[in-house]
Amino acid sequence: MLVVLTVIAIIAAGVLASVNAVTAPQIEKINAENLAAGIKAVMGSDEIQVSDPWEKDAFVVYDINDKAGAKLGKAVVTSENGFSGAIKVLVGFNTEGDILGYTVLEHAETPGLGAKANEWFQDKIVGMNPGKSNFTVSKDGGDVDAITASTITSRAFLKAIQNAYNQIMAETDATSGATQQTTASDIETPEVIE
């Protein structure tokens, strides 16, 4: 009996390995096509050029330009743990950091509740700038209403987008060498000697 079970397990493992070898390239191609379509959707344009991604920490960032080469913004893949597992989000930002759009790439949230994040927030957060608003759920004093009966998912979703915003803004500041602006009130006026 032990020999028969061992042979069956070896045959099953071989079949699974061969099926994986055949389907893996096709799955990778479909995922790449879905990502390309997602980037176009979150940026709100089909006429874009997407750079090779760069990764930092848990983020994958794509620089997006129009066909003429003018910078449109960034598309970021980010994730955060929700109620039942990780929520993976693709979000598009313009050059000022305003949200152009988003799509949920993967989630393990409760069907019917947490799964609504892909449509629930569309008219609530598109156009918002996480750096200029309180980008948390209203239950926590923020500016965004949570999905009813799905506050944990809502918090995770908004935190993922906030983290993506923080990452691209930190990277923008680091590469541009931006410094704090000096205002007229920060400059001491010299004494006038008569």
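Serine 154 is found in helix α4, which spans residues 151-176. The structure is a predicted model. With a relative accessible area of 0%, serine 154 is buried, since buried means under 20%. Apart from neighbours within four places in sequence, serine 154 is in contact with Phe121, Val137, Ala146 and Ile147.

## Overall layout

The protein has four helices and six strands. Read from the N terminus, the elements run α-β-β-β-β-β-β-α-α-α.

Of the 194 residues in the protein, 32% are buried. The protein exposes about 12,000 Å², and carbon and sulfur atoms supply 55% of that area. Among contacts with a separation of 6 or more, 43% are between residues 24 or more positions apart.

Helix α1 covers residues 2-43, and isoleucine 11 lies in it. The relative accessible area of isoleucine 11 is 53%, so this residue is exposed. Isoleucine 11 belongs to a nonpolar patch on the surface, together with Val3, Val7, Val15 and Val19. The accessible area of these residues together is about 440 Å².

## The largest pocket

The largest pocket holds about 280 Å³ of space. Its lining consists of Asn31, Ala32, Asn34, Leu35, Val60, Tyr62, Val77, Lys88, Leu105 and Glu106.

Helix α1 gives the most to this lining, with four residues. At least two lining residues each come from α1, β3 (59-66) and β6 (99-106).

## Salt bridges

Side chains of opposite charge can pair when their charged atoms come close. A search of the whole structure finds four salt bridges. Lysine 159 has a relative accessible area of 45% and is partly exposed.

A salt bridge also joins the side chains of lysine 88 and glutamate 106, at 3.9 Å from N to O. Lysine 88 lies in strand β5 (residues 86-94) and glutamate 106 in strand β6, so the bridge ties together parts that are 18 residues apart in sequence. Lysine 88 is partly exposed at 30% relative accessibility, and glutamate 106 is partly exposed at 48%. Lys88 and Glu106 are also among the residues that line the largest pocket.

Arginine 155 forms a salt bridge with aspartate 140, where the closest N and O atoms are 2.8 Å apart. Arginine 155 is in helix α4, while aspartate 140 is in the loop between α3 (122-125) and α4, so the pair ties together parts that are 15 residues apart in sequence. Arginine 155 is partly exposed, with a relative accessible area of 36%. Aspartate 140 is likewise partly exposed, with a value of 43%.

## Glutamate 55 in strand β2

Strand β2 runs over residues 54-56 and contains glutamate 55. Glutamate 55 counts as exposed because its relative accessibility is 63%, and exposed means over 50%. Glutamate 55 and valine 76 are 21 residues apart in sequence, while their C-alpha atoms are 9.6 Å apart in space.

Definitions and conventions: Residues are numbered from 1 along each chain as its sequence is written. This is a predicted model: local features need pLDDT of at least 70, side-chain atom pairs count only at pLDDT 80 or more; totals for chains, interfaces and linings use all residues. Side-chain values use heavy atoms; hydrogens and water are left out. Patches are made of residues with over 30% relative accessible area and no salt bridge: like charges are joined within 9 Å, nonpolar side chains (Val, Leu, Ile, Met, Phe, Trp, Tyr) within 5 Å. Accessible areas come from the Shrake-Rupley method with a 1.4 Å probe; for residues, only the protein chains shown count as cover. Buried means under 20% relative accessible area, exposed over 50%, partly exposed in between (1.4 Å probe, protein chains only). Contact means heavy atoms within 4.5 Å. On a 1 Å grid over the protein atoms alone, a cavity is a set of points where a 1.4 Å probe fits but cannot get out, and a pocket is an open set with protein on both sides within 12 Å along at least five of seven lines; lining residues have an atom within 4 Å of a point. Grid points are joined across faces, edges and corners, and a volume is the space filled by probe spheres set on the points.
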